[in-house]
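Morning, everyone. I'll take you through one model, a few places at a time. Please bring up the sequence and the coordinates.

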Amino acid sequence: MRILQFIRARSIYRISHIGSTAVPGLRAKPIVDILLETREDVDRIRVARTLETAGFLQMSLTHCPDLRISMNKGYTPDGFAEKVYHLHLRQPGDWGELYFRDYLRAHPDAARAYGELKDRLGEEYRHDRDGYTQAKTAFVQYYTEKARTLYNGRYRPEKGVEICG
């Protein structure tokens, strides 16, 4: 996925690979989660419209605590395409997804426990994506807070575009 083909680099603060596919050794669905942070003065609605021309579908839009847009690409009437993406469009901030990812990368025991939890919940919530996500919340929040303490301030906005793996 070449996001920079569709959005001007000066509009972007940071692009980060997040989610389970960003953690080596963690079992994951073939879905790549991307956190795309735009500069604060960028119209994220306009960015979302541009991404729609690239085949993304807007799945949700919320205004609390700030404008957050979730988009997907690769879902078809017959299931997943060869490549599937979840794109989280936000303004720069101190995001939990980055802390959680980094904690799991540095702590294989926590990553293993998360994988086991996902496997167990995947069976239980096979046809209930929202229930599956909610059931993981306590685990994710616990390790995110540990990471925020350990990596205090790592993701505060700075100048320049960052592309993080």
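Start at Glu-52. Its relative accessible area is 37%, so it counts as partly exposed. For the cut-offs: buried means under 20% relative accessible area, exposed means over 50%, and partly exposed is in between, with a 1.4 Å probe and protein chains only. Glu-52 sits in helix H1. Helices (H or I, at least four residues) and strands (E, at least two) are DSSP runs, numbered from the N terminus. Which residues does Glu-52 contact, leaving aside its neighbours within four places in sequence? Gln-58 and Met-71. Contact here means heavy atoms within 4.5 Å. Asn-72 is 20 residues from Glu-52 along the chain, and their C-alpha atoms are 9.5 Å apart.

Now, the ground rules. This is a predicted model: local features need pLDDT of at least 70, side-chain atom pairs count only at pLDDT 80 or more, and totals for chains, interfaces and linings use all residues. Residues are numbered from 1 along each chain as its sequence is written, and side-chain values use heavy atoms, with hydrogens and water left out.

Confidence next. pLDDT is the predictor's confidence in each residue, from 0 to 100. The chain averages 88, and 93% of the residues score at least 70. Where is confidence lowest in the chain, and where is it highest? The lowest is strand E6, residues 162-164, with a mean of 50. The highest is helix H2, residues 96-106, at 96.

So let's stay with H2. Of its 11 residues, 8 are buried, and the helix is mostly covered. The buried ones are Gly-96, Leu-98, Tyr-99, Phe-100, Arg-101, Asp-102, Tyr-103 and Leu-104.

What packs against it? Two packed helices are described by the angle between their axes and the distance between the axes. Axes are lines fitted to C-alpha atoms, for helices over the stretch in contact, and angles run from 0 to 180 degrees between N-to-C directions.

Take helix H3, residues 108-124. Its axis and that of H2 come within 5 Å and cross at roughly 110 degrees. That makes the two roughly perpendicular. The classes: under 35 degrees is roughly parallel, over 145 roughly antiparallel, 65 to 115 roughly perpendicular, and the rest oblique. On the H2 side, the contact is made by Phe-100, Tyr-103, Leu-104 and Ala-106. On the H3 side, Pro-108, Ala-110, Ala-111 and Tyr-114 make it. By class that is 8 nonpolar, no polar and no charged. Nonpolar covers Ala, Val, Leu, Ile, Met, Phe, Trp, Tyr, Cys and Pro; charged covers Asp, Glu, Lys and Arg; the others, Gly among them, are polar.

Then helix H4, residues 129-150. H2 packs on H4 at about 85 degrees, with the axes 8 Å apart. Again, roughly perpendicular. From H2, the contact uses Gly-96, Tyr-99, Phe-100 and Tyr-103. From H4, it uses Phe-139, Val-140, Tyr-143, Thr-144, Lys-146, Ala-147, Arg-148 and Leu-150. This contact has 8 nonpolar, 2 polar and 2 charged residues.

On to charges. How many salt bridges does the structure hold? There are 9. The criterion is a side-chain nitrogen of Lys or Arg within 4 Å of a carboxyl oxygen of Asp or Glu.

One pairs Arg-101 with Asp-102, the closest N and O atoms being 2.9 Å apart. Arg-101 is buried at 4% relative accessibility, and Asp-102 is buried at 8%. Bridges that share partners join Arg-101, Asp-102, Arg-105 and Arg-154 into one network.

Another pairs Glu-97 with Arg-90, at 2.8 Å, N to O. Glu-97 is partly exposed at 26%, whereas Arg-90 is buried at 7%.

Then there is Asp-119 with Arg-27, where the closest N and O atoms are 2.6 Å apart. Asp-119 is in H3 and Arg-27 is in the loop between strand E1 (12-18) and strand E2 (31-38), so the pair ties together parts 92 residues apart in sequence. Asp-119 is partly exposed, at 39%.

Pro-24 is in that loop between E1 and E2 too. It is exposed, with a relative accessible area of 70%. Pro-24 and Ala-111 are 87 residues apart in sequence, yet 9.1 Å apart in space, C-alpha to C-alpha.

Last stop, Arg-39, in the loop between E2 and H1. It is partly exposed at 24% relative accessibility. Its C-alpha and that of His-88, 49 residues away along the chain, are separated by 14 Å.
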